[in-house]
Amino acid sequence: MSVEAVLWDMDGTLLDSEKLWDVPLYEFAEKLGGTLSLETRQAMVGSNVPTTMALLFAEVGLTPTEEETADGAAWILRRTEEVFRAGLPWRPGAQDALRAVRASGVPMALVTSTERALTEVALDTIGRDLFDVTVCGDEVEGRNKPLPDPYLKAAALLGVDAAACIAVEDSPTGVTSAVAAGCTVLVVPCDVPVPPGERRIFRDSLVGVDLPTLTALRT
C-alpha cells in the first residue's frame, strides 16, 4: 500500500522544543503566584493555547477573565518566541528523515498545535520549502488536537485521503488526533509516554527513517 502523503507534527517530533516551552510556562505560573506541577505540564504536551491557558490558571486556583486569558497567552507567546529565536534543537534523526522523505517526492504537511506566528519562527530552522502545506493551531476553528480536524484539514489541502497518509507524532494528544483522522501513525515518544493502540507503530527515534520505512508501516 502506497503512502499518499506524510504529515509531520512539530514540537517534540521534529524539534526538541517541548523543553523550551517549559521556560515561559513555568515563568508564567510563577507570575500568577503559583507553581506548575509536572503532571499538569505533561497534560499540556501536544495541546493548543486555549487548553494550555485553562490548565495554567486552574493550576494556581484562578478563574481568569477573557482579557486575562488573552493577555496571558500573548505574554507566553512573546516569551516563547524569544526562547525559540535563541536556538531550536532537532530531535534525533529528524532533520535527515524530513529531507529523505522530501527527496522522494511524496507530498508533506506540517500539522502543529502551535499558532501560526510562532510556527513561522520555527520554520526558519526547519525549512519552509520542505512542506507543501502547514496547518497551525489557530487555523482549525478551535477544533484542535486531539480532535481529528488538523489532520483532516492537512489531507484535504493536499488533495489526499487521510487514511492513505502516515502521520509522525510524539504525544498522546497528537496521536489521538491522527488516528481519529484515519492516519497510520509512526509514534516516536518524547517527553510523555504514548499508550499502544490501533494504527500506532512505535520507534525509538527518527534515525534512518525514509519513505520505504514509512511505506512499510501500511503493509
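Predicted model: local features only at pLDDT ≥ 70, side-chain atom pairs only at ≥ 80, totals over all residues.
Local features are shown where pLDDT is at least 70, side-chain atom pairs count only at pLDDT 80 or more, and totals for chains, interfaces and linings use all residues. Residues are numbered from 1 along each chain as its sequence is written, and side-chain values use heavy atoms, without hydrogens and water.

**Stop 1: helix H3**

Select residues 49-59, helix H3. Helices (H or I, at least four residues) and strands (E, at least two) are DSSP runs, numbered from the N terminus. Show the side chains of Val-49, Thr-52, Met-53, Leu-56 and Phe-57, the buried residues of H3. They span an arc of only 125° around the axis, so they sit on the same side of H3. That arc is taken from the directions from the helix axis to the C-beta atoms. Buried means under 20% relative accessible area, exposed over 50%, and partly exposed in between (1.4 Å probe, protein chains only).

Now turn to the other side of H3. Pro-50 and Ala-58 are exposed there.

What covers the buried residues? Helix H1 (18-31), helix H2 (38-44) and helix H4 (66-85) are included in the cover.

Check both ends. Asn-48 caps the N-terminal end of H3, with a side-chain oxygen 3.1 Å from the backbone nitrogen of Thr-51. This is a polar contact: a pair of N or O atoms within 3.5 Å; within protein, one must be able to donate a hydrogen and the other to accept it, and residues adjacent in sequence count only if both atoms are side-chain atoms. After H3 comes Gly-61, with a positive phi near 75°.

**Stop 2: H3 against H4**

H3 and H4 pack at an angle of about 110°, and their axes are 10 Å apart. H3 is therefore roughly perpendicular to H4, a label for angles of 65 to 115 degrees. Axes are lines fitted to C-alpha atoms, for helices over the stretch in contact, and angles run from 0 to 180 degrees between N-to-C directions.

From H3, the contact uses Val-49, Met-53, Leu-56 and Phe-57. From H4, the contact uses Glu-68, Thr-69, Gly-72, Ala-73, Ile-76 and Leu-77. Contact means heavy atoms within 4.5 Å.

**Stop 3: Thr-173**

Select Thr-173, in helix H8 (residues 172-181). Its relative accessibility is 17%, so Thr-173 counts as buried. Leaving out residues up to four places away in sequence, Thr-173 touches Val-45, Gly-46, Ser-47, Lys-145 and Pro-146.

**Stop 4**

The peptide bond from Lys-145 to Pro-146 is cis, with omega near 20°.

Step to Glu-141 in that loop. Its phi is positive, near 55°, in a residue other than glycine. Glu-141 is exposed, at 71% relative accessible area.

Next, pick Glu-139, in the loop between strand E3 (133-135) and helix H7 (149-158). Glu-139 is partly exposed, at 21%. A polar atom of its side chain lies 3.0 Å from the backbone nitrogen of Cys-136. Beyond its neighbours within four places in sequence, Glu-139 is in contact with Arg-116, Thr-134 and Lys-153.

**Stop 5: Arg-199**

Finish at Arg-199, in the loop between strand E5 (184-187) and strand E6 (200-202). Where is its phi? Arg-199 is partly exposed, with a relative accessible area of 31%.

Terms used:
Parallel < 35°, antiparallel > 145°, perpendicular 65-115°, else oblique.
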